[in-house]
Amino acid sequence: QVQLVESGGGLVQAGGSRRVSCAVSGRALRTYIMAWFRQAPGKEREFVASITWSGSTTNYADTIKGRFTISRDNANNLVYLQMDSLKPEDTAVYYCAAGWAIAAQETSFGYWGQGTQVSVSS
């Protein structure tokens, strides 16, 4: 069982940066792959990035590769998504997820937070 709470969303200008956070609680946390997904208005939820417990392996969507960085602070049970060079099309609700595979399939993730809104204005 895992509980996930996102924070750090808000409004940012295009070209700016934002870091969203996910506080993780529960048991056997090192079992889980952590990931970020996002959902823009009128669109399906899409994969953004994922990371193993050790941080040794990461996986990124092509749409954000080179601009976003996923990381984790296991001592404090936190997962981060650092977003740089933000574009208006990055506007979405960003969801933290915990699952069992590094691959970008939504079905591999069984635990979800409530999401945090990131809005990028031009």
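Buried means under 20% relative accessible area, exposed over 50%, and partly exposed in between, as found with a 1.4 Å probe on protein chains only. The model shown here is predicted, so local features need pLDDT of at least 70 and side-chain atom pairs count only at pLDDT 80 or more, while totals for chains, interfaces and linings use all residues. Residues are numbered from 1 along each chain as its sequence is written, and side-chain values use heavy atoms, with hydrogens and water left out.

View 1. Helices (H or I, at least four residues) and strands (E, at least two) are DSSP runs, numbered from the N terminus. Strand β5 is mostly covered, since five of its six residues are buried. Two strands count as paired if DSSP finds at least two bridges between them; β4 and β5 run antiparallel and are joined by five bridges, with Phe37 having Phe47 in β5 as its bridge partner. β5 also pairs with β6 in the antiparallel sense, over three bridges, and here Ala49 has Tyr60 in β6 as its bridge partner.

**View 2. The turns of two hairpins.** The hairpin of β4 and β5 has six residues between the strands, and in it Gly42 takes a positive phi near 75°. The hairpin of β5 and β6 has six residues between its strands, and Gly55 in the turn has a positive phi of about 80°.

View 3. Side chains of opposite charge can pair when their charged atoms come close. A salt bridge is here a side-chain nitrogen of Lys or Arg within 4 Å of a carboxyl oxygen of Asp or Glu, and a search of the whole structure finds five of them. Arg38, Glu46, Arg67 and Asp90 are linked in a network of salt bridges. In one of these contacts the side chains of Arg38 and Glu46 meet at 2.7 Å, N to O; Arg38 counts as buried at 5% relative accessibility, whereas Glu46, at 28%, counts as partly exposed. In another, the closest N and O atoms of Arg67 and Asp90 are 2.7 Å apart. Arg67 lies in the loop between β6 (58-60) and β7 (68-73) and Asp90 in the loop between β8 (78-83) and β9, so the pair ties together parts that are 23 residues apart in sequence. Both Arg67 and Asp90 are buried.

View 4. Glu106 forms a salt bridge with Arg45, the closest N and O atoms being 3.1 Å apart. Because Glu106 lies in the loop between β9 (92-99) and β10 (109-112) and Arg45 in the loop between β4 (33-39) and β5 (46-51), the pair ties together parts that are 61 residues apart in sequence. Glu106 is partly exposed, with a relative accessible area of 34%, and Arg45 is partly exposed at 25% relative accessibility. A charge sits over a ring if NZ of Lys or CZ of Arg is within 6 Å of the ring centre and within 35 degrees of the ring normal; the charged end of Arg45 sits in this way over the ring of Trp112, 3.9 Å from its centre.

**View 5. An aromatic cluster.** Rings of Phe, Tyr and Trp (its six-membered ring) pair if their centres lie within 6.5 Å, and planes under 30 degrees apart count as stacked, over 60 as edge-to-face and the rest as tilted. The structure holds six aromatic pairs, and Phe37, Phe47, Phe109 and Trp112 form one aromatic cluster.
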